[in-house]
Amino acid sequence: MSSFSRFDNGPMSAHGHVARTIGIDIMAGTYRPGQRLSHETELLAQFGVSRTVLREAIKTLAAKGLVAARARTGTVVTPPEQWNMFDADVLSWKTAQGMDQQFHGDLTEIRLALESRAAALAARHRDDGDLAEMRAAIDLMRSATGSRRQFAEADLAFHQAIARASGNVLLRSMSAVIETALVASFTMSSPIHDMALHELNVSSHERIVDAIEARSEEDAAAAMLSVIKGLAHWRDLSDRD
């Protein structure tokens with residue numbers, strides 16, 4: 001079963017904890033683009049870690065595009081356009097910092113573009129094992145009537161199964177985007193406590209699988225678009241309450 005463990009502030013490596021904390025600070029604006037990070041001695045005192053651990057954390061942040069080493073300046077925060085927003089950790093840090101309406105919209109737009117194509121390709125390439133995996137995920141969604149997290153994890157497993165069935169290695173790599181969208185939408189508020197809405201949501205996912213099983217690329221793409229647009233609309237209504 002897929003999980004949202006990276007979104008939990010649970011146990012992690014020392015350098016992972018340092019990278020996460022600084023990453024969230026960067027996204028929250030504590031460190032502004034072009035600003036130098038605190039001096040190494042200050043960061044060592046703040047986190048109580050070794051110099052090796054701290055430098056490993058900085059390397060992690062640099063690899064994700066959040067910071068860069070500058071001659072005679074030190075380590076500075078890079079402009080947001082250089083951040084790797086498809087990176088799973090970066091997305092989880094963004095979620096921890098808080099996502100505004102603009103970012104929710106960005107997530108929806110990229111899902112509409114990529115997942116509809118993934119569904120169409122899944123209709124072309126799927127095999128019986130793929131269909132079984134999708135149906136199993138839907139069964140888990142239907143039975144998850146008491147836990148927001150269980151529902152979201154089953155939903156994530158469903159969308160990941162479609163990405164795998166597409167046969168496109170690049171589409172499979174978009175799982176972090178899907179995961180972020182679902183954790184933001186379903187673990188904060190969820191349809192599980194409204195049985196009619198819950199069944200409507202599950203049934204809309206079933207229509208995607210039915211189209212994939214029928215090898216109807218057009219219907220599969222349309223059904224996926226309907227699910228994503230419906231989620232965005234329902235989330236917007238929840239935000240207004």
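Which residue follows helix 2, and is its phi positive or negative? Helix 2 is followed by G48, with a positive phi near 65 degrees. This is a predicted model.

**Overall layout**

The chain holds 11 helices and 2 strands. From the N terminus, the order of elements is α-α-α-β-β-α-α-α-α-α-α-α-α. Of the 241 residues, 47% are buried. Take the contacts between residues at least 6 apart in sequence: 74% of them join residues at least 24 apart. The accessible surface is about 11,800 Å², and carbon and sulfur atoms account for 50% of it.

**Helix 2**

Helix 2 spans residues 40-47, and its L43, L44 and F47 are buried. Viewed down the helix axis, the buried residues fall within an arc of 100 degrees, so they line one face of helix 2. An α-helix has 3.6 residues a turn, so residues three or four places apart point the same way. The buried residues of helix 2 pack against helix 1 (14-28) and helix 3 (51-63).

**Nonpolar cores**

The largest nonpolar core has 35 residues. M134, F158, I162, I208 and I212 touch the most other members.

Leaving out residues up to four places away in sequence, I208 touches F158, I162, A220, A223, M224 and V227. Another core lies apart from the largest one. This other core has 21 residues, among them I24, L43, L54 and W83.

Note on methods
Residues numbered from 1 in each chain as written. Predicted model: local features only at pLDDT ≥ 70, side-chain atom pairs only at ≥ 80, totals over all residues. Heavy atoms only, no water. Helix = DSSP H or I, 4+ residues; strand = E, 2+ residues; numbered from the N terminus. Buried < 20%, exposed > 50% of the residue type's maximum accessible area, 1.4 Å probe, protein only. Contact = heavy atoms within 4.5 Å. Areas by Shrake-Rupley, 256 points an atom, 1.4 Å probe, with all protein chains shown as cover. Arc of directions from axis to C-beta. Core = buried A, V, L, I, M, F, W, Y, C linked by side-chain atoms within 4.5 Å.
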